[in-house]
Amino acid sequence: MFSRFEFVLTETALSLRRHPMMAFAAITCVAATLFVAGIVGLALLNAHHAVDNALNRVRFVVYFHPDPETTREEARAAYRKICGLPQVQSAEFVTSERAWTKIRKDDPQYARLIERNPLPDSVVIKAVHVEDIPALREQIHTWPEVHSINDAPEVSSFLENSQRALRRVGSVMGIILLLLSLVIIHHTIELTLYARRKEIHIMALVGATPSTVALPFLLEGIVYGLVGGGLAFGFLALLYNFFIVTMRSEYGAKLLQDSALLSQGIVALLVAGVVLGLSGSIISVIKYLRRPRSKVTNA
């Protein structure tokens, strides 16, 4: 068992040493592909994070009839009913005096044109899910205390559509980039197998099983993927940190920063590299072992 394991390691190291340009090309291609995939992923994550933040800030306002048609006590009773609705995440009661004070502070010129406070009591509502807003609006609008409801359905719809589009784009881009990596590794291992076809034939003559022949190449593919994933992550980390500093200093924008997400990114790139390297090697080895043999060399 140990001798076979030692043989696999020796053959893998021998292949990497004898074909450094192929190894370099494979590692570079894997690193470049995973690097591009990482850039696309980070861009989509930041866009998704921005959309989520925008969705979390979506509110709508319920305005009650002015006093005396709807008294303060009746408005507060309606506010408590709103808080009890299962679709409501949070609600804030805003008195007419508080709203008028805010307007006088934000727009004093407008406030000077009006002699008295024209604003009614209101409630600012945040729904559990943005898609719950239309049903909530229809339900609350039928209450006798409610005068009108102010929301922006087109904004909510746009944000929801953007979120769905980002998921679709991310899925499609991820599949394309993963397939590209798989093709690159497959052809690199295939070239290595072809270059070593005489050695493989000699190994078969001395009794090596197909699995023994295949294992060094599978390990070689794993090495390509692991090193390529590590390089991709290193370059991504440097570039992303540069963008974080630049966006904050130049534009005052904050990119997504999450230590847990960073750890997941490291693992994801390394696992993706290993899986791609192993998958490409398996496809190449199976294809090579099943190919017609030469009538001259039998290799």
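Student: Why is arginine 98 called partly exposed?

Tutor: This is a predicted model, in which local features need pLDDT of at least 70, side-chain atom pairs count only at pLDDT 80 or more, and totals for chains, interfaces and linings use all residues. Residues are numbered from 1 along each chain as its sequence is written, and side-chain values use heavy atoms, with hydrogens and water left out. Buried means under 20% relative accessible area, exposed over 50%, and partly exposed in between (1.4 Å probe, protein chains only). Arginine 98 has a relative accessible area of 45%, so the label is partly exposed.

Student: What makes the pair of arginine 98 and glutamate 92 a salt bridge?

Tutor: The term requires a side-chain nitrogen of Lys or Arg within 4 Å of a carboxyl oxygen of Asp or Glu. Here the N to O distance is 2.5 Å, so the pair qualifies.

Student: How do you know that aspartate 121 is buried?

Tutor: Its relative accessible area is 8%, which is under 20%, and therefore aspartate 121 is buried. Its salt-bridge partner is arginine 72, with the closest N and O atoms 2.6 Å apart. Aspartate 121 lies in the loop between helix H5 and strand S3, and arginine 72 in helix H3, so the pair ties together parts that are 49 residues apart in sequence. Helices (H or I, at least four residues) and strands (E, at least two) are DSSP runs, numbered from the N terminus.

Student: Why is lysine 102 called exposed?

Tutor: The value for lysine 102 is 54%, which is over 50%, so the residue is exposed.
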